[in-house]
Amino acid sequence: MFKQQNVVLLLVLALLLIPVTGLAAPLIPNINIDVGTATNPQEVSTSLQILALMTILSLAPAILIMTTSFIRIIVVLSFLRSALATQQMPPNQVIVGLALFLTFFVMSPYLQQANDKGLQPYLNGTITQERAIDETVKPIREFMFKQTRESDLALFVNLSQAPQPDTPEDVSTLTLVPAFVISELKTAFQIGFMIYIPFIVIDMIVASTLMSMGMMMLPPVMISLPFKILLFVMVDGWHLIIRSLIVSFK
């Protein structure tokens, strides 16, 4: 299972790195698939391997999301929209698209390293497939180790009942990924809490003012929303949020 997950990571990274490889091959390859009856155990084994690979590839988007900076970015942007109380503005497509491009920006050094040390040498035939998988996954694991808290990693190491690792290389990817995910969620919630504070203050001020004026039937959000948008624009909120997100990964 560990090797299968590494293979999926390699395939996902290969798809992401296609634009930077500079290959002259056509973008749409010629694929021929013949369906017949297996006549020997080797053909049955190959068919089962292809079926397993196609099944694992269906999980590739989830693996891409769960092993990169996408988690923190999309959660923080969702918190921001909720704090502004702008309902569906910006739309989900804009939020997800911005999160994806920011993810590529943050992960570009690691993807480049995976391309230079793993994918390109394998395509040139200078290293074996096993070595290519290890070299490609290594930068992604390095990124996850940098962003994972020791307490979260220790939690899953203990729950796995595996021998205590002496080095980061001894930690399996199946143990590292969930520890990385909960660390990213905790960091994203901390940033989201800081985002909420100024907007909550505005809501409290507006609600208190309306109550003192006896305007009990007027929803405070109708009055506070323009002030929150005005405050966000005046402080150049998008610049501050995006800068804070990018710096948080350094």
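Accessible areas here come from the Shrake-Rupley method with a 1.4 Å probe. For the protein chain of this predicted model, the accessible surface comes to about 15700 Å². Carbon and sulfur atoms own 69% of that surface.

## Overall make-up

The protein chain has 11 helices and 0 strands. Read from the N terminus, its elements run α-α-α-α-α-α-α-α-α-α-α.

Of its 250 residues, 34% count as buried. Take the contacts between residues at least 6 apart in sequence: 77% of them join residues at least 24 apart.

## The nonpolar core

The largest nonpolar core holds 38 residues. Within this core, Phe143 and Ile241 touch the most other members. Six helices are named as supplying at least two residues each: helix 5 (70-84), helix 6 (92-123), helix 7 (129-147), helix 8 (150-159), helix 9 (173-212) and helix 11 (237-248). Helix 5 gives the most, with 11 residues.

What does phenylalanine 143 touch, not counting residues up to four places away in sequence? Its partners are Thr67, Thr68, Ser69, Val106, Met107, Tyr110, Phe180 and Phe249.

## Helix 8: two sides

Helix 8 has three buried residues: Asp152, Leu153 and Val157. They sit on the same side of the helix, because they cover an arc of only 135 degrees around the axis. Ser151 and Leu159, on the other side of helix 8, are exposed.

The cover over the buried residues of helix 8 includes helix 7 and helix 9. Glutamine 161 follows helix 8. Its phi is positive, near 55 degrees.

## Salt bridges

A search of the whole structure finds 2 salt bridges. One joins glutamate 184 to arginine 72, with the closest N and O atoms 2.5 Å apart. This pair links distant parts of the chain. Glutamate 184 is in helix 9 and arginine 72 in helix 5, 112 residues apart. Both glutamate 184 and arginine 72 are buried.

The other pairs the side chains of glutamate 142 and lysine 146, at 3.6 Å from N to O. Both residues lie in helix 7, 4 residues apart, about one turn of the helix. Are they buried or exposed? Glutamate 142 has 33% relative accessibility, so it counts as partly exposed. Lysine 146 has 51%, so it counts as exposed. The cut-off for exposed is over 50%.

## A nonpolar surface patch

Phe193, Met194, Ile197, Val201 and Ile205 form a nonpolar patch on the surface. Together they have about 490 Å² of accessible area. Methionine 194 is placed in helix 9. Its relative accessibility is 54%, so methionine 194 counts as exposed.

## Proline 121

Proline 121 is found in helix 6. Is this residue buried or exposed? Proline 121 is buried, because its relative accessible area is 15% and buried means under 20%.

Leaving aside neighbours within four places in sequence, proline 121 is in contact with Asn115, Asp116, Thr126 and Ile127. Alanine 132 lies 11 residues from proline 121 along the chain. The C-alpha atoms of proline 121 and alanine 132 are separated by 7.5 Å.

Key
Residues are numbered from 1 along each chain as its sequence is written. This is a predicted model: local features need pLDDT of at least 70, side-chain atom pairs count only at pLDDT 80 or more; totals for chains, interfaces and linings use all residues. Side-chain values use heavy atoms; hydrogens and water are left out. A nonpolar core is a set of buried Ala, Val, Leu, Ile, Met, Phe, Trp, Tyr and Cys residues joined through side-chain atoms within 4.5 Å. Buried means under 20% relative accessible area, exposed over 50%, partly exposed in between (1.4 Å probe, protein chains only). Contact means heavy atoms within 4.5 Å. The arc is that of the directions from the helix axis to the C-beta atoms. Patches are made of residues with over 30% relative accessible area and no salt bridge: like charges are joined within 9 Å, nonpolar side chains (Val, Leu, Ile, Met, Phe, Trp, Tyr) within 5 Å. A salt bridge is a side-chain nitrogen of Lys or Arg within 4 Å of a carboxyl oxygen of Asp or Glu.
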